[in-house]
Amino acid sequence: MAEISETMRNQSSPSEENTKENSETSNFDHKTMRKSKPGLKRLALTLTVFFSFLLGLPWLLKSIEIYRSPLPFRDIDSLSNAIDSNPFLFPCKFHAVFVNFDHSTPFKQNAEQLGFLVSNHMSQLADRSSFCGTCEKNYTVSVSLDSGNECVEYEDVDIGRAWRCGALSEFNFDETMKNDEVLDEYLESVVGRRGVYTVVVVNGGEWDRVRAVVGKHRHAWIVGRVSEVETVVEKVAEMFVKIFVGGAKEEGTMQGEFMPVGADGKIVLSFNLLNADPRDWIYDWDFKEVHEKLLSSTLDALGPIANISVESQEYGFAIYMRPTPMQVLYHTPKSSYSYWDTEVESHIFSTKDLPFFVNSNEWHLDTSIAAGGRSKILQFVVYIPSANECPLRLQLPNGEISMTNAFISPTWGGVVVLNPPNCLGNANSMHPLRHKVSPQELNQILEVFMGQLRQLFGLKSTGFYKGASGSSILLASERGFTEWELDVLARQHACFNLRQCGTTLGSLSRLVQSLPRMIIKDEIGKQVKLSLEAAKLAQNNASQGIYDASVVSSRHARSLAEDAFFHPSVMSVSYYSFEHCFAVYSPFFLPLSLHVILAVVREIKRYKQESKKYAAWKAVGK
């Protein structure tokens, strides 16, 4: 019985197990449970791909990063504001000397009263003639009263003793008036001081009228019998303000931009010889010798204002050729027409024809490669007319014939019409003769060119200045420009260059800040910093009255500012905003990135769901 019961117990145990399994199977839900633990392989692969994208994002941003050298925006703004708000004034020192104004004269005045009168008249004139590069109110006036036996001086500031008492006591003005050069050099030895402008007034002599002369240096003199001190004081003040400061420019002349200096501070003077018709005559010249003798001193004088180079070209037949010193270009007719005038027995062209005289289609006034870029090119042309229009003369607006037979074209250059002698003698000859411009003719032509160059710079080409208080004689210098004229040009160009420098740097600053993805190379940053340093140096030199150093520094500052603004990298077309960058790269990376992100989200969600199923099955099993 025991064996039967044991056997029945053994037979009943499998049935119980089956019953248990059946109960568990009946409780298992395939939708909400799982028996195995979810694997991490898919999740790990998906996260690996996702993090690889995240790690590659900095490399992507680095690859599209724009390098920008830091620019001193505050310094640029301060320079621009300083130039715009504060007028650029140069300090000027003036010295008036009154000789033979002793106590016996009925208009006895002391030095202090004379100084006050001169300053008062100068203030009135300065208010009416204020432009960039003047002194305005930033000047000092000192007065010396020399009666022969004793001297009285009034100095607005302590500039030292400016006049040697009795320096002109033994000087014979009646003989010297025949030669102003002698008195000019003598006064230079007496009152020659750098940066001080002196006017010497000498009362007496055999001259009934008052004669005013401005020397080649920084002084002038007025000689004659003075009847009223107020008149001579007005004349002294006018010389100080209108001549020494204003450059003897008459009313209506152009200022500022009417200066033929390139943005890089360079000027190229191109001298050209043009023959209208080779069947009549053939002209050439030897310009090298004249250049070495006459132009070298002028170029040295203008050196602080501009870097000037000279090119002499003679043009050969009417085909394009590289200019060489001995080429000649014929068949260069003018674009205007002339008419025959029986009274002067010449072909006449008037000032109305000047805009059409230069024939740009036929006058191939080519220059060297060095003359390109931002350099200013001034063309000086000697035009040899054909026999059909010879002699060819220029008629002025007043009906008179021009003595120089030349004219200028602002910012372009000048033209001199050279009529060959015996115009009709060699006309239409079978074998035209070759002629060479003589040294005398070259000297005359260069004198005309020098006057044209002075006009292009805004100075007078004549030796007279007519003002409100009378006319003055202006002595000419062998260099073409006197010392006081060079001072005027230096002040004006320094002021003009600094203003252009501030404008250019300000434009560059605004441009860079408006384009965040603009490439700013280290070279541009260096040029901007050097330009600011040169501008500050120019301002310091100007405040101390060192005109030459100021204009050199200002020219350097403007050139560097222009180089930075027109840098090739700045002119690139690859500047774009971040939105544009996103629009360019999104078609490539956005679809792939979306798939990766969606895969990560889907895989994490799946892993969480499977983990919940496994947890639910374990809970049922317990």
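Two strands are taken to pair if DSSP finds at least two bridges between them, the strands (E, at least two residues) and helices (H or I, at least four) being DSSP runs numbered from the N terminus. The model is predicted, so that local features need pLDDT of at least 70 and side-chain atom pairs count only at pLDDT 80 or more, whereas totals for chains, interfaces and linings use all residues. Residues are numbered from 1 along each chain as its sequence is written, and side-chain values use heavy atoms, with hydrogens and water left out.

The chain holds 13 helices and 18 strands.

A search of the whole structure finds 1 disulfide, a pair of cysteine sulfur atoms within 2.5 Å. This disulfide joins Cys 92 to Cys 135, with an S to S distance of 1.6 Å. Cys 92 lies in strand E1 (residues 92-99), and Cys 135 in the loop between helix H4 (111-128) and strand E2 (139-146), 43 residues apart. Both cysteines are buried, where buried means under 20% relative accessible area (1.4 Å probe, protein chains only).

| Property of the chain | Value |
|---|---|
| Buried residues | 45% of the 622 residues |
| Accessible surface (Shrake-Rupley method, 1.4 Å probe) | about 33200 Å² |
| Part of that surface belonging to carbon and sulfur atoms | 55% |

Definitions and conventions. Buried < 20%, exposed > 50% of the residue type's maximum accessible area, 1.4 Å probe, protein only.
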